Amino acid sequence: QVQLVESGGGLVQPGGSLRLSCAASGRTFSGYAMGWFRQAPGNEREFVGVITSSGGTTYYADSVKGRFTISRDNAKNTVYLQMNSLRPEDTAIYYCAADRTLRATVARRDARNYDYWGQGTQVTVSS
């Protein structure tokens, strides 16, 4: 069992930055790939990016590539989402999720493949 708690959301102006954190409980955090998803009102949950269990590989949605960066610290059981050059369309609830199964990177885009989810943190980009 893994419990995930996101933090770091808030209100930021367009062009600004935020760093989200996702703290995980449990001793097997390093065995999970960690994904970030987001959901805006009226929209389906959208893949943002993922980092492999070792932290050696990351993969991003085209909409955030070059602006967002995922990293992890397995010693602290924490994964991060650094968001730069934020736009109003980035406004959403952001969720982290853990996937314990070894699978192809493209499959990480599917929210159904994740085993555990956090409660989400709100990010609002507005002037």
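A: Arg-38 lies in strand β4, which covers residues 33–39. Strands here are DSSP runs of E with at least two residues, and helices are runs of H or I with at least four; both are numbered from the N terminus. The model is predicted: local features need pLDDT of at least 70, side-chain atom pairs count only at pLDDT 80 or more, and totals for chains, interfaces and linings use all residues. Residues are numbered from 1 along each chain as its sequence is written, and side-chain values use heavy atoms, with hydrogens and water left out.

Is Arg-38 buried or exposed? Arg-38 counts as buried, because its relative accessibility is 5%. Buried means under 20% relative accessible area, exposed over 50%, and partly exposed in between (1.4 Å probe, protein chains only).

The side chain of Arg-38 makes a polar contact with the side chain of Tyr-94, at 2.9 Å. A polar contact is a pair of N or O atoms within 3.5 Å; within protein, one must be able to donate a hydrogen and the other to accept it, and residues adjacent in sequence count only if both atoms are side-chain atoms. Leaving aside neighbours within four places in sequence, Arg-38 is in contact with several residues, including Glu-44, Arg-45, Glu-46 and Val-48. Ser-63, Val-64 and Phe-68 are also among them. So are Glu-89, Asp-90, Ala-92 and Ile-93, along with Tyr-94. Contact means heavy atoms within 4.5 Å.

Thr-124 lies in strand β11, residues 121–125. Thr-124 is partly exposed, with a relative accessible area of 26%. Beyond four places in sequence, Thr-124 is in contact with Gly-10, Leu-11, Val-12 and Thr-91.

Now the whole chain. The chain has zero helices and eleven strands. Its radius of gyration is 13 Å, close to the 14 Å that the globule rule gives for 127 residues, so the chain is as compact as a globular protein of that length. The radius is taken over C-alpha atoms, and the rule is 2.2 Å times the number of residues to the power 0.38. Buried residues make up 42% of the 127. Of the contacts with a separation of 6 or more, 57% join residues 24 or more positions apart.
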